[in-house]
Amino acid sequence: MDTDSAAAPAHLGALAGVAAVTLGAGLGELTALAITPSSSPVASIGGALIDAAPAWAKDAAISLFGTNDKAALLTGIAIALFAVACAAGWLELRRPPWGRVAALALGAVGVAAALTRAQASPIWAVPSVVAGVAAALILGALARRARGTARAVSPATPVAGADPDGRGADRRTFLLWSGVATVAGAIALVGGGIVRASSQAASAVRAAVRLPQPVATVAVPAAAELGIPGLAPYVTPNESFYRIDTALVVPQIDPADWRLRIHGLVAHEVTLTWDELLALPLEESVTTLACVSNDVGGDLISNAVWLGYPIRALLARAEPAADADMVLSTSIDGFTASTPLDVLTDDRAAILAVGMNGEPLPAEHGFPVRMVVPGLYGYVSATKWVVDLEVTRFADATAYWTDRGWSPRGPVKLESRIDVPRAGTAVDAGDAVIAGVAWQQHVGVAGVEVQVDDGEWQAATLASAVSGDTWVQWSLPWRATSGIHTLRCRAISATGETQTSTVTGVVPDGATGWHEVRVQVA
Ligand SMILES: Nc1nc2c(c(=O)[nH]1)N[C@H]1C(S)=C(S)[C@@H](COP(=O)(O)O)O[C@H]1N2
Ligand SMILES: [Mo]
């Protein structure tokens, strides 16, 4: 064992480790940008963690962080990497070459994660190899400097010929190089992430897409929009449409390469290209998507005008076998959803969507093609970046979330939400309005009732809606008196069912209960 190195302070080792791992990861990130964004070591490890995480951890992440669950995961990875980097640096200082071995092992973890991603090809290993090797080399070099520094400053092990100025210079050089490596690595990591995100947002292929005119259009009635400030708009702008998926890096698909394969229990396999899809008679439909993880009162629900082609017609070409009862859809990144065959073949607007509110699908909402199915939660129906439909049976196959404890079928439950006034806000006494949205897609909402404190349930006025496939806005005038008030709402479905007061959590097939808001009236 090198006794000199024992004199080097541990924090110098930690600094060397953080510098080496940050720069290594940054170089890996830049390499990934040159190959394909999803091969990024950090993104691959994050993606593998998402898929491997126990169901309770994912459920907790979505309910705690909602659509910020990915930022939370990346923060967690950064903290874990920081700890491992400190440890590796310390090891390299005290037990060389084990710190370098740890850096290489970290790279190997990246390689394993990258190669097991659904879209991976062997070249996906390269960014993690670059990251691991670079981190090991940088760590070796910095740790040598740190040991030199320690020897120089340690009175117990004077270095022959070392003058006080030289000792200070050694230390300064070490700190300078560590600092430069850390900052350069951080810039590469953050910059790489920004370049990746912005290149996706401003994707040239997407910008070049010209969607065909629909053969059937839908007019959204003006009376669907009550225009009450604070109330969710009837049609959600794409920028504020909720987003939930397992894709840490949004999959990039060039429409020219997109293929949909329909196979399984069918008489004829069908393959569809992008040009073939766009040449079909496309129809507009308005469908509200909801996430099964949406808590009572939550905002994981949005509404859009979609452009697409009925899946029913494509299945008719394939001719499903009589004993088939499910379609397992798969995205390019390996997510799967199990959708009942009868839902895809009845007369509802279950579509392969290419357009969202007059634009090609945004990258994060499934560009170029996703499924939209009225009446089912997204996890069993709304596969984004869809590339494969397997006609099968519930008895024979399970989907991504089913394997994690969620129900194989997920019809949307009857729910309603108060948007105005918002909980905790101050309301002026006098004439006020209570307003919100209510939904049970493909069943439809016939009424909404509101209760103030423990008073009578009062019927709210419903706005118009395109169909029962969307949510509907509602409002009720309220003479607000000063004090603290509790407002509650409940929906009545088009089939006469009253929304249950029974409180259930989101697992395994969606939350129930009445939304309740407490407000202070001044
Ligand atoms: N490829 C893919 N598609 C997916 C998911 C996913 O993780 N991956 N999540 C599903 C879930 S759980 C929901 S709620 C909807 C959300 O669609 P949005 O992000 O466009 O709102 O997408 C569905 N489609
Ligand atoms: Mo979801």
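Trainee: Which residues of H5 are buried?

Mentor: In H5, the buried residues are Gly99, Ala103, Gly107, Gly110, Val111, Ala113 and Ala114. Buried means under 20% relative accessible area, with exposed over 50% and partly exposed in between, for a 1.4 Å probe and protein chains only. Please note that this is a predicted model, in which local features need pLDDT of at least 70 and side-chain atom pairs pLDDT 80 or more, while totals for chains, interfaces and linings use all residues. Residues are numbered from 1 along each chain, chains are lettered from A and ligands numbered from 1 as written, and side-chain values use heavy atoms, without hydrogens and water.

Trainee: What span should H5 have, and what does the model give?

Mentor: Helix H5 covers residues 98-115, and its 18 residues should span 26 Å at 1.5 Å a residue; the end C-alpha atoms are 25 Å apart, which agrees. The expected span is 1.5 Å times one less than the number of residues.

Trainee: And what about H4, residues 69-94?

Mentor: The 26 residues of H4 should span 38 Å at 1.5 Å a residue, and the end C-alpha atoms are 38 Å apart, so the two agree. Among the buried residues of H4 are Asp69, Lys70, Gly89, Glu92 and Arg94.

Trainee: Where does glycine 13 lie, and what is its separation from glycine 89?

Mentor: Glycine 13 belongs to helix H1, residues 10-35. The C-alpha atoms of glycine 13 and glycine 89 are separated by 4.4 Å, although the two residues are 76 residues apart along the chain. Glycine 13 counts as buried because its relative accessibility is 0%.

Trainee: Which residues of H2 are buried?

Mentor: They are Pro41, Val42, Ala43, Ser44, Gly46, Gly47 and Ile50. Helix H2 has 12 residues, 41-52, which should span 16 Å at 1.5 Å a residue, and its end C-alpha atoms are 16 Å apart, in agreement. Glycine 47, at 3% relative accessibility, therefore counts as buried. Its C-alpha atom is 6.8 Å from that of alanine 247, 200 residues away in sequence.

Trainee: Changing topic: how many residues surround ligand 1?

Mentor: There are 18, and the closest are Tyr242, Thr246, His365, Arg370 and Lys384. The criterion is a heavy atom within 4 Å.

Trainee: Which atoms approach the ligand's oxygen atoms?

Mentor: A backbone N or O atom of tyrosine 242 is 2.7 Å from a ligand oxygen atom, and one of threonine 246 is 2.9 Å from a ligand oxygen atom. Histidine 365 places a polar side-chain atom 2.7 Å from an oxygen atom of ligand 1. Taken alone, ligand 1 exposes 530 Å², and the protein buries 99% of that.

Trainee: What sort of space does ligand 1 take?

Mentor: It takes the largest cavity. A cavity is a set of points on a 1 Å grid where a 1.4 Å probe fits but cannot get out, and a molecule sits there if more than half of its atoms lie within 2 Å of the points.

Trainee: Is proline 214 buried or exposed?

Mentor: Proline 214 counts as buried because its relative accessibility is 18%. This residue is in the loop between helix H8 (204-208) and strand E1 (259-264). Its C-alpha atom and that of glycine 447, 233 residues apart along the chain, are separated by 32 Å.

Trainee: How many helices and strands does the chain have?

Mentor: The chain has 11 helices and 19 strands; these are DSSP runs, of at least four residues for helices (H or I) and at least two for strands (E). Of its 522 residues, 51% are buried, and its C-alpha atoms fill a box of roughly 90 × 70 × 40 Å along the principal axes.

Definitions and conventions: Polar contact = N/O pair within 3.5 Å; in protein donor to acceptor, adjacent residues only side chain to side chain. Areas by Shrake-Rupley, 256 points an atom, 1.4 Å probe, with all protein chains shown as cover. 1 Å grid on protein atoms, 1.4 Å probe; cavity = no way out; pocket = protein on both sides within 12 Å on 5 of 7 lines; lining within 4 Å.
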